[in-house]
Structure formats: C-alpha cells, structure tokens
Amino acid sequence: MSETTAPEREFIAAIDQGTTSSRCIVFDRDGRIVSVDQKEHEQILPRPGWVEHDAAEIWANVQEVVSGALERGGIAREDVQALGITNQRETTLLWDRATGEPVHNALVWQDTRTDALCKELGRNVGQDRFRRETGLPLASYFAGPKIRWLLDNVDGLRERADRGELLFGTMDSWVIWNLTGGPDGGVHVTDVTNASRTMLMNLRTLQWDEAICASMGVPTSLLPQIRSSAEVYGHARGTLEGVPVASALGDQQAALFGQTCYSPGEAKSTYGTGTFLLLNTGEEAVNSYNGLLTTVGYRIGDDKPVYALEGSIAVTGALVQWMRDQMGLINSAAEIETLASSVEDNGGAYFVPAFSGLFAPYWRSDARGVIAGLTRYVTKAHLARAVLEATAWQTREIVDAMQKDSGVELTSLKVDGGMTSDNLLMQMMADFLDAPVERPMVAETTCLGAAYAAGLAVGFWPDTEVLRANWKRAAEWTPRMDPEKRDSEYRNWLKAVQRTMGWIDEESGSA
C-alpha cells in the first residue's frame, strides 16, 4: 500500500468524568468515534439529600477506561495527539498535596447539605449576594460553599488547609493532577468553565475573587490555577505517557462546544433526566434578571472568553420514567411517543412536573407538580401528550428568559441526550419555540467538545471553522404550528404553572 492511501493513525482522546460513570472516547479527524470504554462508580448516600463519590475509585476507573478505549480501538499511545477532559460540574474534592489521598469523599453537585450555610452566607442580602461578580445565586449546587462545609465539619481540615497541606479541585482538576504525576509533579489547574461554577471566580477578571473567598471562608492556597479551556496544561504519565493534556470543560459547556455553537444566538439543549440549555452570548457576560445563570461558555487559548446564559429544568426525562415506573401507564420510555401520537392534541390537559419545586426561570421551592384542565374526556393518551409538551413548554420558558436577558434571538436549537430520539417531542419543540431544532449525527457531544478543544490546542484542527464543517445534521424539525394556537396553548401552560406555586408552606415544609 502506498503511503498516500494508508489510513491516518492520528486521534484525539477525551475523558468524560460523569456523575454515574467515567468513560474515554477516541475520535478521528472527522469527529467520528473510533472506540469507547466506560465504567460506573458507586453512589454513596450517607443521609437524605447527601450524595458522595469516592475520588480514588473514580481515578482508578479513569485509568481503566483510558487503557480500555486504546485496546478496543487497537490504538497505540503514539497515535494519540492530545487528551481532553470534561466533567460533572460543581462536584467538590479536597486532597492531601503530599500523598494525593482524598481527605473526604467528594461532595457531588446534587448534594444539598450546604442549604443552611447558603442561607447564612446570604446574610441580609439573600441569594444574590455574590451574583454580580460570579453570575450565580447562592445555592447548594455550587462548589464554594461545599469547600467551606468540609473545612468546618471534618476534623482537622481547617488547620491542614491553613498550613497549605490541602488542595481543592472539581473533578477536572483531580483527573488532570493525577494524569500529570499526582504528588510527583502533578499540575494543579482548572479551566474557566469549571471555575465559573465555584462561586469564587470573578466572571469579568477570570481570577479567584479574594473578597468572596474571604467571605466564604475558603483559603486561596487551596485553589487551582485558572487556565483557558484549550491549552496544554502538562503531559500525561502512565498509559498515555507524554501525550499533551490539552483541554478541560464542564460537561454542559463541552456539549455547547461539541455542538459547534460558536456564534451569539446559537444554543444547545441536553435532554436527560433533567435538561440544561446554554445560549452563546458572545464576549459579553450578560447579567440575568430572569432566573438564569451567567457562566463562561469556553475560552480558547489567549482568545477572549465566550460567555453563555444557562437555564436548567429539573424534570424532563424523569417525568417519562415516572409515567412508566410509578404510574404504570407505559411499559417503556419509547412507548410514550406512540401513545401520545394516537391523539391530535392534549385534550385540554397540562402537566407541570414541579416534583421538587420549579427551577429556572422561577426558582420556587414551594411549588409541587400539577395536572390541570382535567375533564372526563381526557385519556391516558392525552396525558402522554401533556407529558411530552411539558418538556417543550419548559424549554420555551427558558428560551424566553434568555431572550429577555440578552436581547439575543435564538437562531436554532441544537439538541442532544436520550429524549432526542422522540421525533414527536422534537417537532413539538420546533413548534413551541418557533425555531428550527437540529439533532447531530454524533450524539456524544460532551466528549466531542472536550476532544475538539484539545485538538485545537495542539493544532490537530486549525480553527473552529473546520469543526463547524465536521458537524453533521442527522435530523431537523421546523415549526409547523399556527401562531395563534401556539400563543393560546402557551397562555394555558403558564396558567397551569401558576397553579403549582405556594403548595408547600415554607415554614412547616408541609402542604
């Protein structure tokens, strides 16, 4: 075989350290998947509302899936040009600088033990005390209060932190530190997207905010250096000896990058158990007055950072699971599309799944789920349709809030995640948003985003235009709904949302 026709043996690997598992995917120059390996880790639930991970187990799994992915693809170490990292955001870990041992399990983003601390930190200002600087409301979700909780509640940690013996990291930092040598010269860094989820970074300067760190009781000696999302942080040891470790992005930002949403007005939405929608707002950090988070979308090398608005919906895919597991109205998740398609409309029924309150744009923890508009005419097929519509209407509410905040019109919505296989739901989405909805060929957009950023950092891809050209559309839905019908249905939906509020008496915690 002549050299010109020999298949190219150059790849980019990406590690996705997720909430339930860790995996490694290897991509070729066209952004196609060459091989994958994945391994789940234990969910540790010491008390109601507490969620922890064993970081040592996660690091062992990461090493295993990297070796596994290379083996499965028959890929040699020298074929890998760079390695990127993406991760579950906000999950918080402290470890010993000298030994590399975690000093406590990681506190996972879902963990709510810092609720009372967040109220206390709000003082007389409330939820928005640090919002102007960080883009975030005080909530148990973010990493800063989790660090403070560990220092206050685990014996000896505050003293050890003051002596400079401990390091803090979100999961990107933990993986990169270990990949690059751990106690033996490991690089202690994080990227701007992950740092923007700690509540400790100033969005405008992209540096740790010393005043906020002091207010929160977090010594800056713990914190990693903040770097861009695409640059060489160091070189790997072990299985990938010598390979540049060249990107880090929080998972939702990685999906934004993998979906090639590089222009203001481009947005992606990931539909899983819940949903995360991110809108590129360009080089401006837009303050939200409509219940959204302001976050860093990505930063490539020395370029200016690109910001995003983020809206999260608590219950989307979880509502379909509830219909299956708790209600027994369907036997499989896929069945909901068939059932919903058997009727023309929702029969007048609206389902607002505020099972644990409403997330963006309301942030009402006193809300609970309702089905409104019931009559004897309504069948389980109408309810199935109302369930799918709930995901589409909730998306519409977030998009409306984003447009109010940013003045940026949504040009198209790129979607990924499990629910995007439901074609009826995707059509509803286009109809309710009055915008095209696009699903890509490569569904693994989170890993792809980390791979793209790492490839850019080492020149494997020359620029983002090449990445845009890689993006292939598998399907597109365009709006087909009569505008008057859309408006009247939306009014009904908003009426149903109002009915969920004030159900829980905040003082007693009961209805």
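This is a predicted model: local features need pLDDT of at least 70, side-chain atom pairs count only at pLDDT 80 or more; totals for chains, interfaces and linings use all residues.

Q: In which sense do strand 22 and strand 23 pair, and over how many bridges?

A: Strands of a sheet pair through backbone hydrogen bonds, either parallel or antiparallel. Here strand 22 (residues 437–440) and strand 23 pair in the antiparallel sense over four bridges, and within strand 23 the residue Trp477 is the bridge partner of Val437. Residues are numbered from 1 along each chain as its sequence is written, and side-chain values use heavy atoms, with hydrogens and water left out.

Q: What is the strand order of the open sheet of seven strands, and which strands stand at its edges?

A: The order is 17-18-16-15-21-22-23, with mixed pairing. Strand 17 (293–298) and strand 23 (473–477) are at the edges, each with a single partner strand, so one side of each is left without a neighbour in the sheet. From one strand to the next the twist averages 30°, where axes are lines fitted to C-alpha atoms (for helices over the stretch in contact) and angles run from 0 to 180 degrees between N-to-C directions.

Q: Where is Ile300 placed, and is Ile300 buried or exposed?

A: Ile300 belongs to the loop between strand 17 and strand 18 (306–313). Its relative accessibility is 17%, and Ile300 therefore counts as buried, given that buried means under 20% relative accessible area, exposed over 50% and partly exposed in between, with a 1.4 Å probe and protein chains only. The C-alpha atoms of Ile300 and Ser247 are separated by 9.2 Å, although these residues are 53 apart along the chain.

Q: What is the order of the open sheet of six strands?

A: This sheet runs 3-2-1-5-14-13, again with mixed pairing. Strand 3 (33–40) and strand 13 (230–235) are the edge strands, each pairing on one side only, and neighbouring strands are turned by 25° against each other on average, direction ignored. Strand 1 is joined to strand 5 (residues 80–87) by seven bridges in parallel, with Ala13 opposite Leu83, and to strand 2 (residues 21–27) by six bridges in the antiparallel sense, with Ile25 as the partner of Ala14. Three residues lie between strand 1 and strand 2, which form a hairpin. Strand 5 is in turn joined to strand 14 (residues 244–250) by five parallel bridges, and Asn87 stands opposite Gly250.

Q: Which way do the residues of strand 1 point?

A: In a regular strand the side chains alternate between the two faces of the sheet. In strand 1, Phe11, Ala13, Ile15 and Gln17 point one way, while Ile12, Ala14 and Asp16 point the other way. Seven of the seven residues of strand 1 (residues 11–17) are buried, so this strand is largely enclosed by the rest of the structure.

Q: Why does the length of helix 12 agree with its number of residues?

A: The expected span of a helix is 1.5 Å times one less than its number of residues. Helix 12 (residues 380–406) has 27 residues and should therefore span 39 Å, which agrees with the 39 Å between its end C-alpha atoms. Of these 27 residues, 23 are buried, and helix 12 is thus mostly covered. Gly407 follows helix 12 and has a positive phi, near 70°.

Q: How many cavities of 30 Å³ or more does the structure hold, and which residues are closest to the centre of the largest cavity?

A: Rolling a probe the size of a water molecule over the atoms shows where empty space is left. On a 1 Å grid over the protein atoms alone, a cavity is a set of points where a 1.4 Å probe fits but cannot get out, a pocket is an open set with protein on both sides within 12 Å along at least five of seven lines, and lining residues have an atom within 4 Å of a point. The structure holds one cavity of 30 Å³ or more, and the largest cavity has a volume of about 140 Å³, a volume being the space filled by probe spheres set on grid points that are joined across faces, edges and corners. It is lined by 18 residues, of which Ile313, Leu358, Phe359, Ala360 and Gln394 are closest to its centre. Helix 12 gives the most to this lining, with three residues.

Conventions
Helices (H or I, at least four residues) and strands (E, at least two) are DSSP runs, numbered from the N terminus. Two strands pair if DSSP finds at least two bridges between them.
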